[in-house]
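Please open the structure in your viewer and keep the selection tool at hand. The stops below say what to select next and what is found there.

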Amino acid sequence: MTAACTALIEHPRLRELWPEYLVLQHQIIRATVPLTEAALERARELPEADPLREPLASYLDEHVDEELHHDDGLLDDLDSLGVSRADALGRFPSSKVATLVGAQYYWIHHHHPVAFLGYVALMEGYPPTPELLETLAARTGYPMEAFRTFAQHAELDPGHRDHLDRTLDALPLSDRDESAIVASAATTAALAAKALLEIL
Ligand SMILES: [Fe+2]
Ligand SMILES: [Fe+2]
């Protein structure tokens, strides 16, 4: 995933690729709140004897608020680059995107919602830095207002990542829970890289 991101940033046609990348990002993050809500609903339905039930539901409930409307922000950024909402929403999301998000629905509904924390770890764990934002603006030639969602995540996601880390440390996770979280994170990283390479 790191290699794919570096290949994007260093690509000689980054200016042309950037809107494509934002469309991809939108296709993925439009599912964040619905996925978190699905995981929250399942967490609340866990048997009372499951020690994760209450603390997992409480984390997921807060995570919904952390991510509300971030997908709309990306559509605004795309609009400022000349890609209308209708254009962005009309694009067919690739099978990589459907698999990336779809795997989470499967594990949430048919295994255990704790697996979703691996997805969150990937999505929140590598926020853009202010230096990266400057590099992107310089390399694409786009104005800083085209990077509002990125700037917002450079500011917010270090806190979201720490919130998740504190939650992971506090949850009474079994070895099986940890394996599910790791498998979920690894699957997310692999598919996110493939989705990005598809654009490149
Ligand atoms: Fe976000
Ligand atoms: Fe976040």
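Begin by selecting helix H5 (residues 70-80) together with helix H10 (residues 148-170), whose axes come within 8 Å of each other and cross at roughly 140 degrees. Helices here are DSSP runs of H or I with at least four residues, while strands are runs of E with at least two, and both are numbered from the N terminus. The axes are lines fitted to C-alpha atoms, for helices over the stretch in contact, and the angles run from 0 to 180 degrees between N-to-C directions.

To see what makes the contact, select His70, Gly73, Leu74, Asp76 and Asp77 on H5, and then Arg148, Thr149 and Gln152 on H10; two residues are in contact if their C-beta atoms, placed from the backbone, lie within 7 Å. Sorted by class, this contact of H5 with H10 holds one nonpolar, four polar and three charged residues. In that sorting, Ala, Val, Leu, Ile, Met, Phe, Trp, Tyr, Cys and Pro count as nonpolar, Asp, Glu, Lys and Arg as charged, and the others, Gly among them, as polar.

A word on the model itself: it is predicted, so local features need pLDDT of at least 70 and side-chain atom pairs count only at pLDDT 80 or more, whereas totals for chains, interfaces and linings use all residues. Residues are numbered from 1 along each chain as its sequence is written, and chains are lettered from A and ligands numbered from 1 in the order in which they are written.

While H10 is still selected, pick out Leu156, which has its place in that helix and counts as partly exposed because it has 15 C-beta neighbours inside 10 Å. For this count, a residue is buried if 20 or more other C-beta atoms lie within 10 Å of its own, exposed if 12 or fewer, and partly exposed in between, with the C-beta atoms placed from the backbone.

Next, select helix H4 (residues 53-67), whose 15 residues should span 21 Å at 1.5 Å a residue, in agreement with its end C-alpha atoms, which are 21 Å apart; the expected span is 1.5 Å times one less than the number of residues. Its buried residues are Leu56, Tyr59, Leu60 and His63. Seen down the axis of H4, these buried residues fall within an arc of 100 degrees, so they line one face of the helix, the arc being that of the directions from the helix axis to the C-beta atoms. The buried residues of H4 pack against helix H3 (32-44), helix H8 (116-125) and H10.

Most residues other than glycine have a negative phi. With 8 other C-beta atoms within 10 Å, His69 is exposed.

Turn now to the loop between H3 and H4, where Leu46 lies. Leu46 is partly exposed, with 17 C-beta neighbours inside 10 Å, and, leaving out residues up to four places away in sequence, it touches Leu52 and Arg53. Select His112 as well: the C-alpha atoms of Leu46 and His112 are 8.6 Å apart in space, although the two are 66 residues apart in sequence.

For the last stop, select H8, which is largely enclosed by the rest of the structure because eight of its ten residues are buried. These are Phe116, Leu117, Gly118, Tyr119, Val120, Ala121, Met123 and Glu124, and what covers them includes H3, H4, helix H7 (95-110), H10 and helix H11 (175-199). Centre the view on Val120, which is buried with 29 other C-beta atoms within 10 Å. Apart from neighbours within four places in sequence, Val120 is in contact with His63 and Leu164, and its C-alpha atom is separated by 9.2 Å from that of His63, 57 residues apart along the chain.
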